[in-house]
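Have a look at the picture below, and then we'll pick a residue to start from.

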Amino acid sequence: MNLPATDVHLSIFTRLTEARADWQQLKDAWCSNPYQTLDWLEAWLETLGRTRKVSPRIVVGHAAGKPVFWLPLGMERSAGVRTLSFLGNQHGNQNTGIWDRDYYEAVPATDIASLLKVICSKAGADVLKLENVPRTWHGRTHPLILENAKPSPSPVFGRMLGNDFDQLFRDTHSKSSRKNLLRKERHLQAAGNFRVARAETETEIRRGLDAFLVQRAARSVEAGIPNVFDTPAAEDFLGRLLGLGAHDGTNRKPPMDLWYLEAGGVIRSTYLCLEKNGTLYAYSNSISHDEMLANSPGLVLIKEIIARACAQPDLEVLDLGLGEERYKTGWAEPVPLSDSLLAVSFKGMLFQEVSGLRLKAKSAIRNSAVLWPLVRRLRKLKAGLRKGYTNRN
């Protein structure tokens, strides 16, 4: 299917429910990811999106009598500039949209660029901001990569899994690192009550989520890393994705799983994961900063999760998510992402110039061996001061 932009009919909806029927037709398409599913978007809009006062703009393109793409966008207004961007992009790892496979494979990028201008005009936006879009996706340059695209500050990390974990372990880790990790696993087992499991019951999920939130807060202070899950809205968002408090009258599986490693009767590490279209998405993790930290419970947990994924014939790809960490580079390869801006008004052009400078500075700092450690130390100091103030009050 190679239809020109003029043959695509655009619809823009302000409610997810209005676009549900089109999503249902595309939801099982191979060209999608879990951060653009209705479950994810509904959870985000009803929690974090509400606090940000984001207005949905769900864009659906129809051609030859069927939906061919589904772009979940949202409008935000700041300093008089109306910005259109992916819904929930602050809490997802990448943005792709959902596409009919034949259309995705054939549509020229120039056609999509023309359609994006029409979308901005119809939605009343000053600027369209497309962040963390994979540069190459399903065998082609993603059509949402515009001519002015710049590399995102961080990549995601992924690789093919295969069904032989032992071979994968040998291919990705040296003999000494394998021995060291297995030794640490034995130390954790020696603490007693050792368990790696996926939380199944509501009690297990709540216990695991509590551990995740506490551990993430501690890591924010220790490592100087901003904690995007430090609000009640964020906790509610994760709880909904994990199926806590579900009252829709169905027994459908929640979109997200919580894995945990327990040793000595205490949860030492957690990992939030999703599965879609043959890919295991390892979304976010946490580690307890206690006497067991030296035994790397987080590394042991992800090793076991990957081992079990290799044993599942329907899982073919591993996605370790956004941001460079040492353990990710051990298991997977970086997958470049890009950020694009499309200004359609004078205010949008000013925003584009400022955002371009900001992104350039952010990338330079992130890739600097001197500046990035300094930023992390300053963040750590700031978080420690905030914690001390909170404890005094």
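In which helix is Lys 303 found? Lys 303 sits in helix H10. Keep in mind that this is a predicted model.

So, is Lys 303 buried or exposed? Its relative accessible area is 5%, and buried means under 20%, so Lys 303 counts as buried. The side chain of Lys 303 also makes a polar contact with the side chain of Glu 185, at 3.1 Å. Leaving aside residues up to four places away in sequence, Lys 303 touches Phe 165, Phe 169, Leu 181, Leu 182, Glu 185 and Trp 331.

Now for the helix pair. The axes of helix H6 and helix H10 come within 9 Å and cross at roughly 135 degrees, which makes H6 oblique to H10. Here is who takes part:

| Helix | Residues of the helix | Residues in the contact |
|---|---|---|
| H6 | 165-172 | Phe 165, Leu 168, Phe 169 |
| H10 | 297-310 | Lys 303, Ile 306, Ala 307, Cys 310 |

Sorted by type, the residues of this contact are 6 nonpolar, no polar and 1 charged.

Next, the sheet. Seven strands, written as 7 strands in the order E11-E12-E13-E14-E15-E10-E16, form an open sheet with mixed pairing. Strand E11 (195-198) and strand E16 (333-335) stand at the edges; each has a single partner strand, so one side of each is left without a neighbour in the sheet. From one strand to the next, the twist averages 30 degrees.

How do E10 and E16 pair, parallel or antiparallel? Strand E10 (residues 156-160) pairs with E16 in the antiparallel sense, over 3 bridges. Phe 157 stands opposite Pro 334 in E16.

Methods. Residues are numbered from 1 along each chain as its sequence is written. This is a predicted model: local features need pLDDT of at least 70, side-chain atom pairs count only at pLDDT 80 or more; totals for chains, interfaces and linings use all residues. Side-chain values use heavy atoms; hydrogens and water are left out. Axes are lines fitted to C-alpha atoms, for helices over the stretch in contact, and angles run from 0 to 180 degrees between N-to-C directions. Helices (H or I, at least four residues) and strands (E, at least two) are DSSP runs, numbered from the N terminus. Angles under 35 degrees count as roughly parallel, over 145 as roughly antiparallel, 65 to 115 as roughly perpendicular and the rest as oblique. Contact means heavy atoms within 4.5 Å. Ala, Val, Leu, Ile, Met, Phe, Trp, Tyr, Cys and Pro count as nonpolar, Asp, Glu, Lys and Arg as charged, and the others, Gly among them, as polar. Two strands pair if DSSP finds at least two bridges between them. Buried means under 20% relative accessible area, exposed over 50%, partly exposed in between (1.4 Å probe, protein chains only). A polar contact is a pair of N or O atoms within 3.5 Å; within protein, one must be able to donate a hydrogen and the other to accept it, and residues adjacent in sequence count only if both atoms are side-chain atoms.
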